[in-house]
Amino acid sequence: MQEFEYVAPANLEDAIRLMAEKGPRAKALAGGTDILIQLRGGRFQIDRLVDIKKIPELNELSFSEANGLTVGAAVECYRVYEDQTVQKLYPGLFDSASLIGGIQIQGRATVGGNLCNAAPSGDNIPSLIVQEAVAIVAGPNGRRNISVEDFCAGPGRNVLQEGELLVAIHIPTPKPNFGAHFLRFIPRNEMDIAIANSAVSVLLDDSKQHIVSARIAIGSVAPTPVFAREASALLTGKEANEASIEEAAEATKAAASPINDMRGTIDQRIHLVGVLTKRALRTAISRAREG
Amino acid sequence: MTTTIDKTAGTPGKYKVLGTRPVRHDGIEKVTGAARYGADMNMPEMLHGKILRSPHAHARIRSIDTSKAEALPGVMAVATSKDLPIIQARELNPGQGGPRLLAENDLADKKVLYKGHAVAAVAATSPHIAEEALALIAVDYEVLPTVLGWREAMKEGATLLHDNLTEKFSATRGGAGEDTGNKSNVASHLQLKMGNVEQGFKEADTILEREYNTQTIHQGYIEPFACTAQWIPEGRLTIWTSTQGIFGVRGNVAAILNIPESMIKIVPMEIGGGFGGKGTGYLEPVAAVLSKKTGHPIKMVMSRKEVFEGTGPSSGTSITVKIGAKKDGTITAAQLGMIYEAGAYPGSPMVGGVTSAVSAYKIDNVLIDGYDVVCNKPKTAAYRAPGHPQAAFAAESALDELADMLGMDPMDLRLKNVAMEGDRAVTGVPHAHVGLKEVMDVMKAHPHYTAPLGGPNRGRGVATGYRLNGGGSGSSATINVLANGTVNLTTGSMDLSGTRVAIAMQVAETLGLTAEEVTPQVVDTDSVGWTGGSGGSRITFDTGRASIAAAQLVIEQMGARAARLWEVQPEDVEFVDGIFICTKNTDDKFTFKELAGKLMTTGGPVTCSAMDTQGGVGGALAGNIFDVEVDPETGKVDILRSTVFLDIGQAAHPSYVEGQMQGGTLQGIGWALNEEYFFTPEGVMANSSLLDYRMPTSLDLPMIDTVIIEYANPRHPYGLRGAGEHPIIAPLPAMANAVSRAIGVRMATLPISPGAILEAIEKKNTNK
Amino acid sequence: MSEKIHVHTTINDTEVDFLAESRQSLLEIIRDTLGMTGTKEGCNDGNCGACTVNIDGRIVDSCCVLAVEAEGKNILTIEGVASPEGLHPLQQAFLEEAALQCGICTPGFIVAAKSLLEREPNADEARIRHWLAGNLCRCTGYDKIVRAVLKAGEVMNQGDGAGRATTAAGAGPTDQRDVYND
C-alpha cells in the first residue's frame, strides 16, 4: 500500500481543516472496509487519511419523536441493526444494515461510509432513500443538507466538495401505518455484491387498504442507486393489492439502466428489479398493516 | 448423519484402532494458532519478495529495465529470468514439460502467455517497498492477439502461443505419442477406443447427443502460496514452504538453479489447503535467487489476486457426448470428444478425463478423443481428481437424460451397465476388486433416493464419480521406539487434511498401541527418505503401507530382543494383540511397553525404516444425491438435502473420511453453481477476489450426510482405499441433474448460475 | 522510510506497545511485528475471515483495520483463546468433532464462533451458519464446524459460566458411527 499520513482529530472543526488542507488528496476513514481495500488496490492516491471515529458527534445514534433518527457518520452497521428503535421504526434500514458483508464487516463498516462510498450496489442507500433520509454535511463553508437520493454522483463518486465531511444521516420519524423493506439478489446467501437490489416504503391510510404514498429505490442497475420516482408515484392513492404491486414493480424496471458485467446481465438485472420490488412491496405493506 | 456400511461381510470392529475417532495429533497446534504455515516464518534480517506480473494476456517481452526499482531506498535486489540458470542454459520446448517449463512459468523469458504471468521479482526491506518497486520496473511489451480459450485456439489460422509446439498423437494412455510435426495450439491428441462405435450405435434404440461446457475454476485453498528461502553464501539453500511435495520442490529447484539436490533442504510448513494446486511451486526458485543476491532470507507471499491470476487453476472444457442404448437400458456405444484447456503451457488433465469418463460402466464400443489445448490463461494445475469432474459432468449428465429418454430410473440405468471385476475399461485395463455396483446399490437403496420431494420447483439429482487412480510414486517412513513404549513415526508426506493421524492409526493397529501412543511427524528432505507428493489420494494408502512395513520391522527387531532375553530363537517369538509371547514357554510374555523399556540393555534403540513404491491405491466410486429448490423468478438454487457416498475400503479415521466427502461435495457444488474465471475479451480475470469468485459460504449449504461404504481393497493390509479426490467428481453432474429436473430444462454449461437458470426458464417458456 | 507511530494497546490481556507505519494493517503488525502468526491472511480484503480478531467485543477482519487504529483498544487473537487451565470448549469441540482439515481457517472460525457463543450460547444451526458466513472454509463443507460450535455451546451452557468447560477434560471423541452389516 502507498504511504500516507494518518490523523485522528477529536473534533469536527479539526477534521474539516485536515480534509480541506489536502483537498482531493485527503479521504475520510470510518470503518475502512471499502477505503482500505481501495487504497491497497491502488484505486487512488492520497496524502492523508482522516479517521473520523474519535469525533463524538459522528458517533451519535439517537432518536426523538420530533427529530427522527440520527445516525452519525461513524456509526457501525451493527449498532444500527441492534438498535430497537431502528428495528421498530426503520425496518428497511434494519434489513440492509444487517446484510452488508458478514458479521466481521458489520462490526466495522458504517452506514455513512456505505453512503459516501457511493457504490451502485451500496445496500443501505436505497433503504435510506425510501425513508427520505437526509445527509448532513459539514465543510469549510459551513453545513448543508443533501437528500440521500441526490448524494451519489456516479460509481464511487458523491457530491461532497473538497474539505466536506458527512456528519450524520437524518431520517424523519415515520408516520403511523408505515412499512418498509429491502431486498437484494445475490448468487450466494451472504458475502456478495447485489446483482440488483430494491428498497420500498409505503404509507397506508387508516383503513390500511389504500396507499397514501410510496417510495421505491433500486440499486446495482444504474451508475448510482436510483429513486424510482414515477413508479413510486403510481402507487399514490392505489389500493394496496397485488395489481397495484405488479404495476409499480413493472414501472420500476423502467428506472433501471444497468450494464452487463461479471456479476450480471442487463436483462437479468432489469428482471430482478421487478421481482425484488414486487416482493419488497408485499412485505412492506404487510409490515405497515401489522405496525 | 453418518452411516457406515460394511460390504466386506467382516465383523464391525474387526480393528482396534482403525475405524475409531481419536483426536488428531496436530490438532492442538491448529486450534490454538501455534501451527506454522507457509507465511508464518519470521527470521532476523529477513527481506520481502514480490513479483511483477504481466498486465497482458499475450505479449513478447522486448526489454525489462529494472534500474529505477533498484534505486528505490529499501530495495535490495531485482531478479528476472536472466537469473534462472536453466532458462539461460537452453531454449524452452513446451512439448517437453519438466523444470525448464516450470522455470518459464516462474519468471517469463521471451513471452508472457497470460495476464498475471510472472516477469520480475523484487526483494526489499518491507513488502510495501517491494510493491512500490514493482511499479518502477519498466517492461517493454509487444502486445500480441489474445487466444482466450479453446475455441479461438483451435480455429483455422489461430495465433500460435508457442512457435515450436507441435501436436502429438497417442492411441494409448501414458505413451509419449508420435509427433505429427504440425505446429498447433493442440499439444496432444489422445484417442482411446474399444470395439466399434459405428456398429454399437446401429444396435441402439435411443441415441443422445449433447455438448457440455465448463469454465476455468480454482482450487480455492485459503492459504496463498508462501515460502521463505535462505541461501547461505557458499553454503546450502534452505526453503521453508507450503507445498504438497517437498521432494518435488527440491528436484525442481535443483534443476532450475542448476545446483545439486544435496545442496538443498526443503522444510515443509503446515499447508493451508492444496487440493492438487500446491503440487506445483512458483516462488521457491525466485526466493532462492533473491536470497543469493542479497545474502538475506527472503519471504514471499502471494496475494489472493496473484493466487487467482498467477497459479494453476483447473481447465475449462468442452465435451461432446454421443451415447446409445437399447430399450432395456444396455448401452451399446459411447463416443466422446473432450477438449481441455491447458492454459499457457501443455499439460491439462485431459488424460484423467478420457480415462475416467465412462470407465465405471461396461460398454463394448467406446471411442474417445481428448485434446490438450494451450491458450492465454494461467497454466493449469492439478485439482482433486484432475480432469475427472468435467468428464463426469458430461457423461453422468448424459446418462441422466438418457434414462429419461428410456423411461428408466437413473440408478437402474447405471446399475444395468455397471462394470464388474475383470471388465475392461477403455484404457484396456481390467477392473480390479472395486465396489462399483456395491456403491450404486447402496445409493439406490438409501432413504434419500426415494424420499418425497415435498414441493414444487424441486428436483433430485443423482450421479456417481469414478476416480481412476493409477500408480503411486513412493513413500518412506521411519519408526523410532521410545523407552516408554510409545513410538515416533517420521514421514515426508505433507498433511493436507488429517493424514498424520490416519497413518499413525495404521501403525498403532500394527503394533497394538493406541493412536495416541504413536507420534507422527512430517519432516524435511534431509530427515526422511524420498517420498512423492501428497496427491492422487495415495497418502493414507502408500505412506500407510510404508509405515506398516516399518512397524513390522519393529516387531521383528523387538521380537529378536525378546528372544535374546528368553534365550530362544527369534522364530520362537510371536506377536499377538500387542504382546510378545514365547512359543516355547507361553508364560514368557512382554507387553510392547515392557519390552520397549529393555531395548537399551539388549542392544540399543530400535529404529526401523521402510519404503513403499508399489503404489496402486486403485480406483473407487463415490456418488451424490442432491435435492434442490429453484426460485423460478430469480434462478436461485437452494440445496435442501445432500447425501454423499464413498467406497473407502476401510475407513482409517471415519471423521476425516467424512470430512473429505463433505469438503469434496462443497467444492463440487461451488464448481457446479457459481465458480468461474470471468475473463474480459483482453484475457483479464475480472473477478480475482474472494468477493466475486463465489466459493460457497456456510450459509449456502445444508448439513452433508455421509455414507461410508467399506468394500475392502485387497492391495492394502487393512483394506484402505483413497478418499481425497473421489468426492469432488459426482457433485457436478448430480447438481446439474437436480437443477435440470427442478426446472425442466437440461443445464449443460457450468456454472449453473442464477442468470443461466433464468435464461433457461425464459427460453422454455417462450418455446411453449 | 516513512515515520512510524507509537501505538499502545492490549492484546490477549497483555499491554502491548508497537510502532507502525500508518499504512500497515493490524493483521500485518500482529503477524510480522508481534510474531503472533495464529491469525491468518487469506485474502487481505475482508472476504475470507481468516484474519478475524475481536476488538472491544466485536469481531472484525484485521486486514481491514489499520494498526494505528488499535490505539487504546482491547484485542483478542486466537493465541488468547485458550487459558493456562486448558483449551476453550470451542477448541476442544473442534478437535473432537474433527472440525478442521488443513486448519488455516480454524483460528478465524474459533475467534468468530467464540464471540457468537458468548452472546448466544443456544445459537442454533441457522444462526451459526449466518454468524460464520464471513469465514470461508474450503476443506470441511462446514458440516463438522457447525456441529462443533453447537457442541461447544452445549458445553458452555453446562460450564462454570466463565466460558470454560467443566466436562471437557478427558472427554473422549464421540463415536457417531451407525454401523450396518449386510
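Me: How do I read burial for a residue, and what is the case for Ser54(B)?

Reply: Buried means under 20% relative accessible area, exposed over 50% and partly exposed in between, with a 1.4 Å probe and protein chains only. This is a predicted model, where local features need pLDDT of at least 70, side-chain atom pairs count only at pLDDT 80 or more, and totals for chains, interfaces and linings use all residues. Residues are numbered from 1 along each chain as its sequence is written, chains are lettered from A and ligands numbered from 1 in the order in which they are written, and side-chain values use heavy atoms, with hydrogens and water left out. Ser54(B) has a relative accessible area of 1%, so Ser54(B) is buried.

Me: Where is Ser54(B) found, and what does it touch?

Reply: Helices (H or I, at least four residues) and strands (E, at least two) are DSSP runs, numbered from the N terminus. Ser54(B) sits in the loop between strand 2 (47-53) and strand 3 (59-65) of chain B. Contact means heavy atoms within 4.5 Å. Leaving aside residues up to four places away in sequence, Ser54(B) touches Val112(B), Tyr114(B), Lys115(B), Gly116(B), His117(B), Val119(B) and Tyr141(B).

Me: Happy with that. How do I read a helix pair?

Reply: Two packed helices are described by the angle between their axes and the distance between the axes. Axes are lines fitted to C-alpha atoms, for helices over the stretch in contact, and angles run from 0 to 180 degrees between N-to-C directions. In chain B, the axes of helix 8 (residues 246-257) and helix 9 (residues 284-294) come within 9 Å and cross at roughly 55 degrees. Helix 8 of chain B is therefore oblique to helix 9 of chain B; angles under 35 degrees count as roughly parallel, over 145 as roughly antiparallel, 65 to 115 as roughly perpendicular and the rest as oblique.

Me: Which residues make the contact of helix 8 of chain B with helix 9 of chain B?

Reply: Helix 8 of chain B brings Val249(B), Val253(B), Ile256(B) and Leu257(B), while helix 9 of chain B brings Glu284(B), Pro285(B), Ala288(B) and Val289(B).

Me: And chain A: what does its secondary structure come to, and how much of the chain is buried?

Reply: Chain A has 11 helices and 14 strands, and buried residues make up 59% of its 291 residues. Its C-alpha trace spans about 55 × 45 × 35 Å along the principal axes. Of the contacts in chain A with a separation of 6 or more, 63% come from residues 24 or more positions apart.
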